[in-house]
Amino acid sequence: MILKWDFMNLKAELEKELKVYNEFKNKNIKLDISRGKPASEQIDFVSDIFQKAETENNFYMQRKGQDKLDVGNYGLLAGISELRHLFADLLDLEDDNLFIGGNSSLNLMYDLLVLNIMFGNQDSEMPWGKLESMKMLCPSPGYDRHFMMAEHLGFDLISVPMREDGPDMDIVESLVANFPNIKGIWCTPLYSNPDGFVYSDKTVERLAKMEAAKDFRIFWDNAYFTHHLVEGKVNRIANIIKLSEQYGNPNRVYQFSSTSKITFPGGGVSLIASSKDNIDYILSHFKYKTISYDKMNMYRHALVFKTKEDVESHMEKLAKFNRPKFDLTLSILEKELKDYEKYLFYTKPEGGYFVSLYTMSNCAKKTYNLCKDAGLIMTTAGDTFPYGIDPNDSHLRIAPTFPDLKELENALKLFVTCVKIAILEELINKQDNFIE
Ligand code: PMP
């Protein structure tokens, strides 16, 4: 490896960074950039909109929408018509393709995995749980909760490298064609968590078209489909549900999303978009677990968002909360890590909630621990890979949205200091070994 600094310089540089680090440590700070959560100002902004809509519409006493049914009472397992239509419009599908659920899309993913394990799907020869083994493809790095959920439910996790245009499709195609026990793949196609990558049309087409077990399902977590960051730029992905149908695999895709980061995380509405056949199958099972989801909350959302354009203009307003935080993050990384660019790289997302930093191999865990010891909580290094194991120990996830700008600046300055220390120590170690 070509080193920028000679040995003495490395030691001097390390001492300088350790001094900065110890100053941070003495401040007893408590900062958290570990999870993709909106800031409280954003929640205030949304609350204000909901409060006005509820008052103007006499929400609690009115309670009747298009379905002419009291939304304060049981009924409509698939959700209220207004929201089925709104999301069908946003996702370029028919109303029948939409199921509106409760407060969490993760909950729906869990339910569909359990459904398949217990009963299989309409295309299964037997329930997935009766197979000798169940395997799930995990484009990595990916969303830690996807991986942990599948592992918890008994799937063997198979890591597939993630690239800028989606998972490595040569690998995906060859695995699913040859191993019928691979029953699913996790995908976060637009502004992937954690890299912020966008699946190319080619990738989406290959996923829709590829040869796979008949009951194979794509878990298409489109959590960030409205969360664009660049002013005036809207990235779109190909319509995988329509493409799968065209290629003769009409039931291949379960698409998920929610309003967690449009309205209230943990207090919004979630959805499944899928073939009409899949939606009917899902309803035929879900009817045993609930009479209906929270239609009061659905109706509240329908009062605020009447059209697709309402959602889009709302999201433009919300982008103003997050854009400065991403700008600040990237400008600090660029300025502070310039001399280290040979050893690391980071993503520059155009939407979503995360930035990935790939540091030098063997340095991610060390960086994470340095941050933790000085009071900065990051996503645990490794968690974005199946079984928590990053084979290169190089990936770190930054979630810049929750702290205010001043806190974020402090957090990132500490973070880059830790990144530098871990790299310098690794370089010095390497040289020590070399000298010996
Ligand atoms: N999917 C992805 C990719 C996410 O990043 C998140 C939140 N961090 C979720 C799902 C959670 O969604 P929900 O609140 O609807 O359960």
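Two strands pair if DSSP finds at least two bridges between them. By that rule, β10 and β11 pair in the antiparallel sense over 2 bridges. This is a predicted model: local features need pLDDT of at least 70, side-chain atom pairs count only at pLDDT 80 or more, and totals for chains, interfaces and linings use all residues. Residues are numbered from 1 along each chain as its sequence is written, and side-chain values use heavy atoms, with hydrogens and water left out. Helices (H or I, at least four residues) and strands (E, at least two) are DSSP runs, numbered from the N terminus.

**Domains and their interface**

- The domain assignment gives domain 1 (2-43 + 313-433) and domain 2 (63-306); such bounds come from an automatic or database domain assignment.
- The C-alpha centres of domain 1 and domain 2 lie 31 Å apart.
- Domain 1 puts 30 residues into the contact and domain 2 puts in 35 residues, where contact means heavy atoms within 4.5 Å.
- Domain 1 and domain 2 bury about 2700 Å² between them, with 59% of it on carbon and sulfur atoms. Buried area is the accessible area (1.4 Å probe) that two parts lose on being put together, summed over both.
- Met 315, Glu 350 and Tyr 387 supply 24% of the area that domain 1 buries against domain 2, more than any other three residues.
- The interface of domain 1 and domain 2 has 15 residue pairs in polar contact, both residues at pLDDT 80 or more. A polar contact is a pair of N or O atoms within 3.5 Å; within protein, one must be able to donate a hydrogen and the other to accept it, and residues adjacent in sequence count only if both atoms are side-chain atoms.
- On the side of domain 1 that touches domain 2, α2 (40-56), α12 (308-336), β11 (355-358) and β13 (395-398) each supply at least two residues.
- The largest share of that side of domain 1, 7 residues, comes from α12.

**Salt bridges**

- The structure holds 25 salt bridges, each a side-chain nitrogen of Lys or Arg within 4 Å of a carboxyl oxygen of Asp or Glu.
- The rule finds 3 salt bridges across the interface of domain 1 and domain 2.
- Arg 323 forms a salt bridge with Glu 231, and the closest N and O atoms are 3.9 Å apart.
- Asp 144 forms a salt bridge with Arg 35, with the closest N and O atoms 2.8 Å apart. Asp 144 lies in helix α6 (residues 144-152) and Arg 35 in the loop between β1 (31-32) and α2, so the pair ties together parts that are 109 residues apart in sequence.

**The sheet of 8 strands**

- This open sheet of 8 strands has mixed pairing and the order β2-β9-β8-β7-β6-β3-β4-β5.
- Its edge strands are β2 (98-100) and β5 (166-167), and each pairs on one side only.
- Strands β3 (residues 135-140) and β6 (residues 182-187) run parallel and are joined by 3 bridges. Met 136 stands opposite Gly 184 in β6.
- Helix α7 (residues 169-178) packs on the sheet and touches β3, β4 (156-163), β5 and β6; its direction makes about 150° with that of β4. Axes are lines fitted to C-alpha atoms, for helices over the stretch in contact, and angles run from 0 to 180 degrees between N-to-C directions.
- Helix α5 (residues 105-119) lies across β2, β3, β6, β7 (217-221), β8 (253-258) and β9 (270-273), running at about 155° to β8.

**The sheet of 3 strands**

- An open sheet of 3 strands has antiparallel pairing and the order β10-β11-β13.
- The edge strands are β10 (345-346) and β13, each pairing on one side only.
- Phe 345 has Tyr 358 as its bridge partner in β11.
- Helix α12 packs on the sheet, touching β10, β11 and β13, and its direction makes about 15° with that of β11.

**Backbone details**

- Ser 140 and Pro 141 are joined by a cis peptide bond, with omega about 0°. Pro 141 lies in the loop between β3 and α6.
- Asn 193 and Pro 194 are also joined by a cis peptide bond, with omega about 15°. Pro 194 lies in the loop between β6 and α8 (201-209).
- Asn 58 is not a glycine, yet has a positive phi of about 45°. Asn 58 sits in the loop between α2 and α3 (59-62).
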